[in-house]
Amino acid sequence: MLLRHVLIFTLVVCCVSADPPCSFAVMEADYDLCSLKKSAPDLSQYPTATVGPATYYMNPMGELPSAAPALAACQSSNQLAGSAMVQIMNDASKACWSLGKLSMQVVEPLDPTAPRHPGVLLTYLGGTSDHTVSIAYTCSSVPGFTVEHIEGQNTFSATVASPLACGGSWSTGSQFLLILFLVFFGYFGIGYTLNVVVFRREGIERIPNIAFWQELPLLVKDGIVFSMDAAKDMVLRVRGGNSRGADYTEVG
């Protein structure tokens, strides 16, 4: 729990003025939700839900249209700009509340215990009167939008069902490690086969470039020693002393 709070604080401080991303690498899956963002002025194309005395509007990964008549109360009360979701009361007051800011986005896996971790959870902080909304993007072939709210609390929950939340291929880091492993496996396998079949080598000589691999530990050691000596010389120069290479004794 403490780690999550530290993560939230870091993301809020670093990203308060940045545009939120719409693609994520969460655990071992990539999620590209950019195409969920709407740009039409017609609110009928946006996720909308009426729960109890209020109606909720959101534009996944973007802002709601400021020119929509239904959002006039939000626009006039400065609650619309930068909001991840808004709540409009259905009574005569038409009071509008921002439930979280797009620029204060926190990204988490939806369910870390599930296989392949399908789905992603986006939490938006900084809403009116410290309102926050957590939007769960769940894997589903049938699009959907629901909102839940416990009366008297400032925390709201929403679910956006979409096939885009099923996750794509492995993350970039995982792909890099897989490619690196395949390259090394191919190098070793092809080299070993050539040494056995073509060059008729025996024993340890079958290993590709065996001389290099035998010298590698010494090369690594020399590199570490050289780097440490260079670092020590730099520290001496910064402190105003002489580097070891500059030490000498005057003769004569």
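Begin by selecting Cys139, a partly exposed residue with a relative accessible area of 41%. Here, buried means under 20% relative accessible area, exposed means over 50%, and partly exposed lies in between, with a 1.4 Å probe and protein chains only. The structure is a predicted model, in which local features need pLDDT of at least 70 and side-chain atom pairs count only at pLDDT 80 or more, while totals for chains, interfaces and linings use all residues. Residues are numbered from 1 along each chain as its sequence is written, and side-chain values use heavy atoms, with hydrogens and water left out.

**First stop: Cys139 and Cys166**

What joins Cys139 to Cys166? The link is a disulfide, with an S to S distance of 1.9 Å; the term denotes a pair of cysteine sulfur atoms within 2.5 Å. Because the torsion about the S-S bond of Cys139 and Cys166 is about 85 degrees, this disulfide is right-handed. The pair links distant parts of the chain, 27 residues apart: Cys139 belongs to strand E9 (residues 132–139), and Cys166 to the loop between strand E11 (155–162) and helix H3 (172–197). Helices (H or I, at least four residues) and strands (E, at least two) are DSSP runs, numbered from the N terminus.

**Second stop: Cys22 and Cys34**

Next, select Cys22 and Cys34. These residues are also joined by a disulfide, S to S 1.9 Å. The link of Cys22 and Cys34 is right-handed, with 80 degrees about the S-S bond. Where do the partners lie? Cys22 is in the loop between helix H1 (2–15) and strand E1 (23–26), and Cys34 is in the loop between strand E2 (29–32) and strand E3 (48–51), so placed that the pair links distant parts of the chain, 12 residues apart. Cys22 is partly exposed at 21% relative accessible area, and Cys34 is partly exposed at 31%.

Now select Cys74 and Cys96, whose sulfur atoms are 1.9 Å apart in a disulfide. The link of Cys74 and Cys96 is right-handed, with 95 degrees about the S-S bond. Are Cys74 and Cys96 buried or exposed? Both are buried; the relative accessible area of Cys96 is 10%.

Keep Cys96 selected and display its surroundings. Leaving aside residues up to four places away in sequence, Cys96 touches Ala73, Cys74, Ser77, Gln79, Val86, Gln87 and Ile88; a contact means heavy atoms within 4.5 Å. Ala73 is 23 residues from Cys96 along the chain, and their C-alpha atoms are separated by 6.2 Å.

Taken together, the disulfides number three. With bonded cysteines counted along the chain, their pattern is 1-2, 3-4, 5-6.

Select Tyr56, Gln87, His149, Glu151 and Phe156. Of the 14 residues that line the largest pocket, these lie nearest its centre. Strand E4 (54–58) and strand E5 (85–89) are the elements that give two or more residues to this lining. A pocket is found on a 1 Å grid over the protein atoms alone: it is an open set of points where a 1.4 Å probe fits, with protein on both sides within 12 Å along at least five of seven lines, and lining residues have an atom within 4 Å of a point.

How much space lies in the largest pocket? The volume is about 170 Å³, that is, the space filled by probe spheres set on the grid points, which are joined across faces, edges and corners. The lining has six nonpolar, seven polar and one charged residues. Ala, Val, Leu, Ile, Met, Phe, Trp, Tyr, Cys and Pro count as nonpolar, Asp, Glu, Lys and Arg as charged, and the others, Gly among them, as polar.

Select Asp130, in the loop between strand E8 (120–124) and E9. Asp130 is not a glycine, yet its phi is positive, about 65 degrees. Asp130 is exposed, at 65% relative accessibility. Then move to Asn209, in the loop between H3 and helix H4 (210–238). Asn209 is likewise a residue other than glycine with a positive phi, near 50 degrees.

**Last stop: the whole chain**

Of its 252 residues, 32% are buried.
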